[in-house]
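Work through the exercises below with the sequence and the model open. Try each task before you read its solution.

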Amino acid sequence: MDNRYYDNVIAEMTPFFEENGFKADGDIFKSDTKALKVEYNETKQLYNLLAADLEEGKVGEFSIITSYLFDDSQNAKDAAAVGIDFVDTARKAMGIKAKKKSVTGEADLPVATGSAVNVSTLASKLLAHYPNLKETYRAETSAKGKFLYLDFFTRYFVPEIRATLDGGNKKATKKLIDTLINVFVTGDKAVSTLVVAVLAAAIGTNVDRFKAATAHMDECQPLITSVNQQIDLLIRNKKFAKAMNFKAE
């Protein structure tokens with residue numbers, strides 16, 4: 001994958017830069033005391049946000065303060081989500097409060113509509129499994145202005161799926177896995193990739209959890225193969241594993 005969406009990430013961050021006195025110096029954005037830059041790691045398929053102190057005009061050593069998984073299935077809209085996430089992280093890291101927005105209503109829940117099976121379809125189906133997350137979805141989406149799906153899935157759905165696999169309720173587990181199989185088989189590339197990533201992150205390296213999930217996948221060997229491959233990748237890549245809320249046990 002090339003870096004063609006870098007400009008989309010920066011465009012989303014530009015209002016933050018302008019509001020807080022950051023000026024572009026090549027690919028580095030400098031305020032009076034801080035420097036920020038965005039890089040794409042093609043090998044690991046991650047966007048990284050790096051920060052450094054700025055003293056007497058000299059930039060110190062950069063370090064990564066957050067990463068965002070971004071693979072070949074994603075597009076300009078997803079790149080904008082990266083920018084939103086990076087701005088949120090930068091604000092927290094530097095203690096900058098966001099300007100309050102006038103909110104006229106809460107975010108609507110995702111809806112599975114038409115014949116397309118996409119990320120919204122998967123989000124809708126998983127919220128049906130985990131209705132306790134509906135208010136969290138509304139709050140997160142309202143606060144951030146849009147649904148940052150990868151962040152939401154890894155932070156909230158992964159632990160819930162993990163708990164289902166650990167719970168020993170075969171009926172609940174089968175219902176969940178049947179949903180994931182259906183979306184994996186019928187969905188577009190982005191959502192099929194997401195199903196694999198989320199399921200692998202939830203399973204981790206726990207053998208019992210893997211057995212609980214795959215016991216209901218007899219008719220979908222491609223999903224088992226893809227999840228195995230993803231787990232191997234997560235074991236080897238610690239930054240990717242952290243981003244995906246993956247646990248080695």
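**Exercise 1.** Find the residue with a positive phi in the hairpin of β3 and β4.

*Solution.* The hairpin has four residues between its strands. Gln45 takes the positive phi there, near 55 degrees.

Before going on, note that this is a predicted model, where local features need pLDDT of at least 70, side-chain atom pairs count only at pLDDT 80 or more, and totals for chains, interfaces and linings use all residues. Residues are numbered from 1 along each chain as its sequence is written, and side-chain values use heavy atoms, without hydrogens and water.

**Exercise 2.** How do β2 and β3 pair, and over how many bridges?

*Solution.* Locate β2 at residues 28–30 and β3 at residues 34–41. Strands are DSSP runs of E, at least two residues, and helices are runs of H or I, at least four, numbered from the N terminus. Pairing requires at least two DSSP bridges. These strands have three and are antiparallel. Check one: Ile28 is bridged to Lys37 in β3. Three residues form the hairpin link from β2 to β3.

**Exercise 3.** How many bridges join β3 to β4?

*Solution.* Take β4, residues 46–55. Eight bridges join β3 to this antiparallel strand. Leu36 stands opposite Ala51 in β4.

**Exercise 4.** At what angle do α7 and α9 pack?

*Solution.* Find α7 (residues 189–203) and α9 (residues 221–236). Axes are lines fitted to C-alpha atoms over the stretch in contact, with angles from 0 to 180 degrees between N-to-C directions. The angle is about 60 degrees, and the axes lie 9 Å apart. Contact (heavy atoms within 4.5 Å) involves residues including Val195 and Leu199 of α7 and Leu223 and Ile231 of α9.
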